[in-house]
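Open the model in your viewer and keep the selection panel at hand. This tour goes stop by stop, saying what to select and what is there.

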Amino acid sequence: MDSFLLQVTAGLANGGIYAAVGLALVMIHQATHHINFAQGEMATFSTFIAWAMIQAGVPYWLAFVATMVVSFVAGLLIQRIFLKPVEKAPILTNVIVFVGLLVIFNAFAGWIFEHTIKSFPSPFPVEGMFLAQYFSGHQIGSISVTLVVLLSVFCFFRFTPLGLAMRAAAFNPESARLVGIRVSWMLALGWGMAALIGAVAGMMIAPIVFLDPNMMAGILLYGFAAALLGGIDNPWGAVVGGVILGVLENILGAYVIGSDLKLTMALVLIVTILIFRPYGLFGKPIFSRV
Amino acid sequence: MKLLDVTNLNAWYGPNQVLFDLNFDLKVGGITTILGANGAGKTTTLRAVCQAVQTTGSITFIDKRIDGKATEDIVRVGIAHVPDGRGTFTALTVEENLKLGAYTRKDRHEVQVDLERMYSRFPRLKERFRQQAGTLSGGEQQMLAISRALMLRPRLLLLDEPSFGLAPLIVKEIFEIMRQINQEDQVSMLLVEQNAALALNLADHAYLLETGKVVLSGPAADIKADESIRRVYLGY
């Protein structure tokens, strides 16, 4: 029983990370209706920046915030420089750009920071603050950080005029322009925010999986599955999806399929959802009358 | 005094020229209608005013040139557009649609006042303010589109076929409300319509478009009274 509970709690912590990555994907999808394949690589790169700062003696939380700011600006610039020129191009052109970004970031991370595996510090105590036999300090910490990020994103989209404008620009760019929304900048903002969320996810997962240029490759896949499971345009769904996935992965891995097939499970899940329930558990199908 | 003055307007979709040396103007407080058959360039004329197509020629709004501005900035001088197909944000709620109409305004309190005014003018929108806008009926979506445009407190309202696809009774209601808006709120209108009889009843001035050129213009009453024009160009 005890080991089962341990699997569940470890799953919850991992799920929090998947949720954050899923959330970043949902962000870009809400703003642009695209899935950014370079999301994971961008997050890894951000984590390296944080690592470099911490190595240079910058206090953890200062490095954390600075990395968030740098990632936001970088995301914004990436959209302005690489994606604005192909804004009106067919979706496949955009996908090629995403793949290009993925390779570029991966290569640069390896070139600048080398491929050796690095340990990344956790700002949280080793002992859990409560239920210490089940949760480590880092697990509780990363779950809390994910929740704070989610809540801010939700409030931003739901309650601010800018959030509403971003949603409008994504749903109907033509009409959005007619009410005065600068659509292209909304996309850039979406990229900035996604990069920021990805950076947070990277910094939270790095102490668990260690840092190297391919750190996020597998996690991005879980992020996809989380976002799809919850519904690709539902931020809450991505989080619930992430948590379900994390727990499911750990339990199935421990008792049923073994740890080798964990990642396969995420892929099977993606395919199954796309076939049977493409709008996910919590996404709502959009109705429209003519 | 002229609110909108358009001279030698040409417009293209890619390599295809659609408007040829169009000249028209609009008085402050007036309703002007642009009539013509399918493909005459009516919708393109409105899109040209909003700079949503490629144009040459000059467009002057309250003595300022607006041609060459971005579509997003045309809104900021006070021109609201009820586009072809209504432009509803179908996935958003009715209230969110209305708030988006006031996106460029900074006077948050006044926006709230205007929201209430829209609800009293269109009670059916109030009943459905939390509902996904895409689930509204055609007539309700047209009302929403007009209200959304009015939320800007525009000087000029561009209306693209507000009667399209609606039942005659609803059309009558909407045109009556448009008349009220024009008189009570002093909003000038540029109305594009296929239903000429309806448009000529509402408008005070009319232009007739044929394959991208103005072939006729004059007071709406005169055109309505001239049977030969009606027969040849308007088909009723």
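Two residues are in contact if their C-beta atoms, placed from the backbone, lie within 7 Å. Select chain A and apply that rule: among contacts between residues at least 6 apart in sequence, 76% join residues at least 24 apart.

Some ground rules come before the next stop. This is a predicted model: local features need pLDDT of at least 70, side-chain atom pairs count only at pLDDT 80 or more, and totals for chains, interfaces and linings use all residues. Residues are numbered from 1 along each chain as its sequence is written, while chains are lettered from A and ligands numbered from 1 in the order in which they are written.

**Stop 1: chain A as a whole**

Keep chain A selected and colour by secondary structure. Chain A has 11 helices and zero strands. Helices (H or I, at least four residues) and strands (E, at least two) are DSSP runs, numbered from the N terminus. The radius of gyration of chain A is 19 Å, close to the 19 Å that the globule rule gives for 290 residues, so chain A is as compact as a globular protein of that length. The radius is taken over C-alpha atoms, and the rule is 2.2 Å times the number of residues to the power 0.38. Along the principal axes, the C-alpha atoms of chain A fill a box of roughly 60 × 45 × 35 Å. Of the 290 residues, 49% count as buried. A residue is buried if 20 or more other C-beta atoms lie within 10 Å of its own, exposed if 12 or fewer, and partly exposed in between; C-beta atoms are placed from the backbone.

**Stop 2: helix 9 of chain A**

Select residues 216-230 of chain A. This is helix 9, with 15 residues. From first C-alpha to last, helix 9 reaches 20 Å, close to the 21 Å expected at 1.5 Å a residue. The expected span is 1.5 Å times one less than the number of residues. How many residues of helix 9 are buried? The count is 12 of 15. Among them are Met216(A), Ile219(A), Tyr222(A) and Phe224(A). Now show the surroundings: the buried residues of helix 9 pack against helix 1 (2-32), helix 2 (39-55), helix 8 (183-209), helix 10 (235-255) and helix 11 (262-276) of chain A. Step just past helix 9 to Gly231(A), which takes a positive phi of about 110°.

**Stop 3: where chain A meets chain B**

Show both chains. The contact takes 19 residues from chain A and 22 residues from chain B. On the side of chain A that touches chain B, helix 6 (161-171) and helix 7 (173-178) of chain A are the elements that give two or more residues. Helix 6 of chain A gives the most, with six residues.

**Stop 4: the four-stranded sheet of chain B**

Four strands of chain B form an open sheet in the order 2-1-4-5, with antiparallel pairing. Two strands pair if DSSP finds at least two bridges between them. Strand 2 (16-27) and strand 5 (64-65) of chain B are the edge strands, each pairing on one side only. Strand 1 (residues 2-13) and strand 2 of chain B pair over eight bridges. Pick Asp5(B): its bridge partner in strand 2 is Asp25(B).

**Stop 5: the six-stranded sheet of chain B**

Here the order is 6-7-8-3-9-10, and the pairing is mixed. Strand 6 and strand 10 (213-219) of chain B stand at the edges with a single partner strand each, so one side of each is left without a neighbour in the sheet. Select strand 6 (residues 79-82) of chain B. Ile79(B) and His81(B) on one side, and Ala80(B) and Val82(B) on the other, are all buried. Four bridges join strand 6 to strand 7 (residues 156-160) of chain B, and the two run parallel. His81(B) stands opposite Leu158(B) in strand 7. Move to strand 3 (residues 31-36) of chain B, joined by five bridges to strand 9 (residues 205-210) of chain B. There Leu35(B) has Leu208(B) as its bridge partner.

**Stop 6: two residues of chain B**

Select Phe129(B), in the loop between helix 5 (123-127) and helix 6 (138-150) of chain B. Phe129(B) is partly exposed, with 16 other C-beta atoms within 10 Å. Not counting residues up to four places away in sequence, Phe129(B) touches Thr93(B), Val94(B) and Glu95(B). Finish on Arg230(B), in helix 10 (residues 227-234) of chain B. Arg230(B) and Ala197(B) are 33 residues apart in sequence and 9.2 Å apart in space, C-alpha to C-alpha.
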